[in-house]
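Good morning, and thank you for coming.

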Amino acid sequence: MSIFTPTNQIRLTNIAIVRMKKAGKRFEIACYKNKVISWRNKVEKDIDEVLQTHTIFTNVSKGQVAKKEDLQKAFSTEDSTEICLKILAKGELQVSEKERHQQLESMFRDIATIVADKCINPETKRPYTVGIIERAMKDVHYAVKPTRNAKQQALEVIKKLKETENFQIARAQMRLRIGIPSKEAKKIKDRLAPLMSKVESEEFDDELELVCLVDPGVYKDVEELVRSGTKGKGRVEVLSLKDVEEGDERLE
């Protein structure tokens, strides 16, 4: 697809159009193919790698540029980069049916990969393969949302799979080594107790050293509790990101 835009006398090629209707008008931006999804998934962070031009159009194909008064009315600003960011975030990516299908398939697999990486079968303590997660997602009829990133959707999938009766899944536990100065040891340990799902070892010498498993969702709480409760003298070390059976460390 090649588009001639008289506004800047350049020919835009390899183009992807993102469209948004707002305040009764149509607005479009010209992006590089494959970059829109990367931006939305927070993989690509450089806006200039996504946009072919910061110009906002009413019709990219015809090179028709949006009027400043229309932009002001719809977006409350004439700042082209700010408007481009809004259209990128919430606009509709214009793609062919074949491209749309390929993108949805790719995102479906990305979501399944994240879920498989972060979860285990709680009965066997072993990770699931991506293929098993994909089948489970199909069984619960999970529909990919192209405007949301894969990580957000992976969290939705985990929640949805947890609600099904015939599929056992749990977030993989983090294994931590926590060091607490002896003076604060008992007080901090008591406050940590509700956050730890299992204490694997406990040693007391000049300090209390715990090796424990916690849910990834409480890691920041553990770190903050140890830091503030010991005035920065305690330590929290991540030993592994997955609670797997011995011999399965290669799957971490």
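Let us begin with F167, which has a relative accessible area of 14% and is therefore buried, since buried means under 20%. Please bear in mind that this is a predicted model.

Which partner does the ring of F167 have? The partner is Y128: the ring centres are 4.8 Å apart and the planes stand at 25°, so the pair is stacked, as planes under 30 degrees apart are counted. This pair joins distant parts of the chain, 39 residues apart. Y128 sits in the loop between β9 (126-127) and α5 (130-139), and F167 in the loop between α6 (150-162) and β10 (170-171). Y128 also counts as buried, because its relative accessibility is 14%.

How many aromatic pairs are there by this rule? The count is 2. F27 and F75 make an edge-to-face pair, with 5.2 Å from centre to centre and 65° between the planes. Here too the pair links distant parts of the chain, 48 residues apart: F27 belongs to strand β4 (residues 25-32) and F75 to helix α2 (residues 68-75). Are these residues buried or exposed? Both F27 and F75 are buried.

I now turn to the surface. K183, K187, R191, K231 and K233 together form a positive patch there. Consider K233, which lies in the loop between α8 (219-229) and β14 (235-240). Its relative accessible area is 64%, and because exposed means over 50%, K233 is exposed.

Thank you for your attention.

Definitions and conventions: Residues are numbered from 1 along each chain as its sequence is written. This is a predicted model: local features need pLDDT of at least 70, side-chain atom pairs count only at pLDDT 80 or more; totals for chains, interfaces and linings use all residues. Side-chain values use heavy atoms; hydrogens and water are left out. Patches are made of residues with over 30% relative accessible area and no salt bridge: like charges are joined within 9 Å, nonpolar side chains (Val, Leu, Ile, Met, Phe, Trp, Tyr) within 5 Å. Accessible areas come from the Shrake-Rupley method with a 1.4 Å probe; for residues, only the protein chains shown count as cover. A salt bridge is a side-chain nitrogen of Lys or Arg within 4 Å of a carboxyl oxygen of Asp or Glu. Lys and Arg count as positive and Asp and Glu as negative; His and the chain ends are not counted. The place of a charge is taken as NZ of Lys, CZ of Arg, CG of Asp or CD of Glu. Helices (H or I, at least four residues) and strands (E, at least two) are DSSP runs, numbered from the N terminus. Buried means under 20% relative accessible area, exposed over 50%, partly exposed in between (1.4 Å probe, protein chains only). Rings of Phe, Tyr and Trp (its six-membered ring) pair if their centres lie within 6.5 Å; planes under 30 degrees apart count as stacked, over 60 as edge-to-face and the rest as tilted.
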